[in-house]
Amino acid sequence: MVNEYFDSDIDHQHDLVSQPCWNNLRFEQCRFEGLDLSQGQWRFCVFDECEFINCDFSLLSLNNSQLHSAVFSNCKLLGVDWTQADWQSNLGNPPKFKGCLLNSGSFFALSLGAAHFIDCKIHDVDFTQASLVKASFRGSELAHTRFHQSDLTKTDFSQAHGYQIDITQNRVEKARFSRIEALGLLASLGIELVD
């Protein structure tokens with residue numbers, strides 16, 4: 001049951017910013033900008049069509065919170081376990097991340113079709129068993145990021161780099177790759193390229 005409802009922008013002067021734990025709050029079309037909420041906790045909160053800009057959410061605990069059509073721009077999201085959120089109740093579009101730091105997080109077994117990860121740093125992130133049909137990783141760095149038994153059908157990896165995807169362990173039908181980076185896909189087949 002939602003205790004409080006917000007529909008205005010939340011900045012560093014808002015009373016909520018000093019509270020490390022948010023419980024049963026609902027935000028609709030709110031803009032969060034320039035906030036440091038690292039190591040915070042969101043418990044059973046709902047964020048409906050909210051935008052997060054230049055915020056630090058490192059080690060944020062999502063505790064059954066919902067993110068409907070959320071957009072994160074230039075945010076620091078280090079060490080976030082996205083599996084803690086409530087994705088079953090998601091009525092909106094999948095999240096969009098633009099220019100964000102998403103290192104050391106987990107999207108294990110989540111269904112994130114059509115999610116956007118544009119120009120992000122996504123190092124040491126776990127997408128094992130995730131469904132990423134029609135997702136986009138355009139321009140992102142994916143060093144040491146794990147894709148295993150993931151559905152990458154029609155996923156866009158154009159201009160992305162640093163990924164290692166075993167095409168025998170993931171679905172990659174109609175996925176898009178830049179030509180040079182696509183050569184790395186052959187490593188999983190034991191093929192040696194020579195000049």
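F44 is partly exposed, with a relative accessible area of 49%; here buried means under 20% relative accessible area, exposed over 50%, and partly exposed in between, using a 1.4 Å probe and protein chains only. The model is predicted, so local features need pLDDT of at least 70 and side-chain atom pairs count only at pLDDT 80 or more, while totals for chains, interfaces and linings use all residues. Residues are numbered from 1 along each chain as its sequence is written, and side-chain values use heavy atoms, with hydrogens and water left out.

Although F44 is not a glycine, its phi is positive, at about 55 degrees. This residue lies in the loop between β5 and β6 (46–48), where strands (E, at least two residues) are DSSP runs numbered from the N terminus. K154 also has a positive phi, of about 60 degrees, and is not a glycine. The place of K154 is the loop between β11 (116–118) and β12 (156–157), and at 41% relative accessibility K154 counts as partly exposed.

The interior comes next. A nonpolar core is a set of buried Ala, Val, Leu, Ile, Met, Phe, Trp, Tyr and Cys residues joined through side-chain atoms within 4.5 Å. In the largest such core there are 53 residues, and F27, F32, W42 and W82 have the most contacts inside it. In soluble globular proteins, nonpolar side chains tend to be buried together. Contact means heavy atoms within 4.5 Å; leaving aside neighbours within four places in sequence, the contacts of W82 include L62, L67, F72, W87, F97 and F107. S106 is also in contact with W82.

Rings of Phe, Tyr and Trp (its six-membered ring) pair if their centres lie within 6.5 Å; planes under 30 degrees apart count as stacked, over 60 as edge-to-face and the rest as tilted. By this rule the model holds 33 aromatic pairs. One of them joins W22 and W42, whose ring centres are 5.7 Å apart with planes at 15 degrees, so the pair is stacked. This pair links distant parts of the chain, since W22 belongs to strand β2 (residues 21–23) and W42 to strand β5 (residues 41–43), 20 residues apart. W22 and W42 are both buried. For F157 and Y163, the ring centres are 5.3 Å apart and the planes meet at 50 degrees, so this pair is tilted. F157 is buried at a relative accessible area of 0%, and Y163 counts as buried at 6%.

The cysteines tell a simple story. A disulfide is taken as a pair of cysteine sulfur atoms within 2.5 Å, and the structure holds zero of them. For C21, the nearest cysteine sulfur is that of C45, 7.8 Å away; C21 is partly exposed, with a relative accessible area of 22%. For C55, the nearest cysteine sulfur belongs to C75, 4.7 Å away, and C55 is buried at 3%.

Q66 sits in strand β8 (residues 66–68) and counts as buried at 16% relative accessibility. Leaving aside neighbours within four places in sequence, Q66 is in contact with C45, V46, F47, D86 and S89. Q88, in the loop between β9 (71–73) and β10 (96–98), is exposed, with a relative accessible area of 78%. Between Q88 and S18 there are 70 residues in sequence and 30 Å in space, C-alpha to C-alpha.

Terms used. Helices (H or I, at least four residues) and strands (E, at least two) are DSSP runs, numbered from the N terminus.
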